[in-house]
Amino acid sequence: MGKARIVEPEEEIKRYTKFIKERPNMKELYAWRAWAYITNQEYEKALADFKKASKLDPKNTHYLFCCADCLEKLDKWDKALKEYKKILKIDDRDAIC
C-alpha cells in the first residue's frame, strides 16, 4: 500500500475555488472551502463562505452555527449572538443554542 498524501489547506482552497467557479450554486463547495480556511485560521474568509452556503440553503442551521463560530473566533460576540438567534427561529429546540 502507498502512503496517504497529506493535502495542504492551500491546495484544498484552490481546488474548491475552481469547483465553485464551475458550480457556483453548490452550497457544499463553499462549506468545504470554509473548513480549509478554518484550518488556516482565516476566519473572515471562512465566514464569507459559510454565509454563501447559508444563502443557498437558508434553513440549514449547521451553516448558521458555523457562521456564529467564526464570529466568536473573531471576537464579534454581538453578531454571533444574532446568528444563534436565527438558528432558534428556524429550530427552537436546537440544544446547542
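In this predicted model, Tyr 43, Ala 46, Leu 47, Phe 50, Lys 51, Ala 53 and Ser 54 of helix α3 meet Tyr 63, Leu 64, Cys 66, Cys 67, Cys 70, Leu 71 and Lys 73 of helix α4, where contact means heavy atoms within 4.5 Å. The residues of this contact of α3 with α4 divide into 11 nonpolar, 1 polar and 2 charged, with Ala, Val, Leu, Ile, Met, Phe, Trp, Tyr, Cys and Pro counted as nonpolar, Asp, Glu, Lys and Arg as charged, and the others, Gly among them, as polar. Residues are numbered from 1 along each chain as its sequence is written. Because the model is predicted, local features need pLDDT of at least 70 and side-chain atom pairs count only at pLDDT 80 or more, while totals for chains, interfaces and linings use all residues, and side-chain values use heavy atoms, with hydrogens and water left out.

| Helices | Angle | Axes apart |
|---|---|---|
| α1 (residues 9–22) and α2 (residues 27–39) | about 160 degrees | 9 Å |
| α3 (residues 43–56) and α4 (residues 61–73) | about 160 degrees | 9 Å |

Helices (H or I, at least four residues) are DSSP runs, numbered from the N terminus, and axes are lines fitted to C-alpha atoms over the stretch in contact, with angles from 0 to 180 degrees between N-to-C directions. Helices α3 and α4 are therefore roughly antiparallel to each other, a term for angles over 145 degrees.

Helices α1 and α2 are likewise roughly antiparallel. Their contact involves residues including Ile 13, Tyr 16 and Phe 19 of α1 and Tyr 30, Trp 32 and Arg 33 of α2, and by class it has 10 nonpolar, 2 polar and 2 charged residues.

Technical notes: Helix = DSSP H or I, 4+ residues; strand = E, 2+ residues; numbered from the N terminus. Parallel < 35°, antiparallel > 145°, perpendicular 65-115°, else oblique.
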